[in-house]
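Reader: Please walk me through this model. I would like to learn how to read its strands and its charged pairs.

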Amino acid sequence: MPHLLPLVVGSVLAVLAFGQAPSTVPALLVSLSGEARVVLIDPDSGRQLKAFQVRQGPHEIALDRAGRVAYVATPGSAAERSSSVSAVDLWSESAVRHLDVAPRRQPHDARVSADGSLVWVACAPDRAAWSTSTARWIA
């Protein structure tokens with residue numbers, strides 16, 4: 001899987017993929033809330049390059065500085081609330097880990113610290129933020 005470098009943070013996250021070939025390949029990392037997936041899409045063709053299953057209601061996405069790990073806030077749905085954040089290892093192409101943020105509820109937004117050592121998650125119903133070391137996400 002190509003290494004990714006973030007350009008814009010948001011519900012739809014633009015990234016550049018740096019493969020082993022000398023040329024760069026643009027890609028979009030998109031959260032599909034109704035499908036509980038995050039997908040990489042080729043912006044030129046609209047073709048889906050890769051999909052990652054996450055928890056219900058993926059919303060905001062934050063990438064670490066290396067472009068390896070996408071942290072996905074998953075607040076759930078109206079019928080099923082969530083208290084977890086999904087971490088997708090984009091380099092492995094398949095590894096997804098979930099971390100419970102309880103007692104916090106409905107993680108809505110995620111950010112990674114400038115040095116990459118922490119991930120913060122805003123939990124709107126609690127009017128609070130939750131944080132943890134990024135080292136516990138990817139072994």
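This is a predicted model: local features need pLDDT of at least 70, side-chain atom pairs count only at pLDDT 80 or more; totals for chains, interfaces and linings use all residues.

Reader: How do I read the two faces of a strand?

Author: In a regular strand, side chains alternate between the two faces of the sheet. Strands here are DSSP runs (E, at least two residues), numbered from the N terminus. Buried means under 20% relative accessible area, exposed over 50%, and partly exposed in between (1.4 Å probe, protein chains only).

Reader: How many residues of β7 are buried?

Author: Strand β7 spans residues 69–76, and eight of its eight residues are buried. One side carries V69, Y71, A73 and P75. The other carries A70, V72, T74 and G76. Both faces are covered.

Reader: Which strands pair with β7, and in what sense?

Author: Two strands pair if DSSP finds at least two bridges between them. Strand β6 (residues 61–63) runs antiparallel to β7, joined by three bridges. There, I61 stands opposite V72. Five residues separate the strands of this hairpin, and G67 takes a positive phi near 75°. Strand β8 (residues 81–89) also pairs with β7 in the antiparallel sense, over seven bridges. R81 in β8 is the bridge partner of G76.

Reader: Now the charges. How do I read a salt bridge?

Author: Side chains of opposite charge can pair when their charged atoms come close. The rule here asks for a side-chain nitrogen of Lys or Arg within 4 Å of a carboxyl oxygen of Asp or Glu. The count comes to three.

Reader: Which parts does the pair of R68 and D89 tie together?

Author: The closest N and O atoms of R68 and D89 are 2.9 Å apart. R68 lies in the loop between β6 and β7 and D89 in strand β8, so the pair ties together parts that are 21 residues apart in sequence. R68 is partly exposed at 27% relative accessibility, while D89 is buried at 4%.

Reader: And the other salt bridges?

Author: E35 pairs with R37, with closest N and O atoms 2.4 Å apart. E35 is partly exposed at 44%; R37 is buried at 19%. R111 pairs with D109 at 2.9 Å between the closest N and O atoms. R111 is partly exposed at 37%, and D109 is partly exposed at 22%.

How values were computed
Residues are numbered from 1 along each chain as its sequence is written. Side-chain values use heavy atoms; hydrogens and water are left out. Helices (H or I, at least four residues) and strands (E, at least two) are DSSP runs, numbered from the N terminus.
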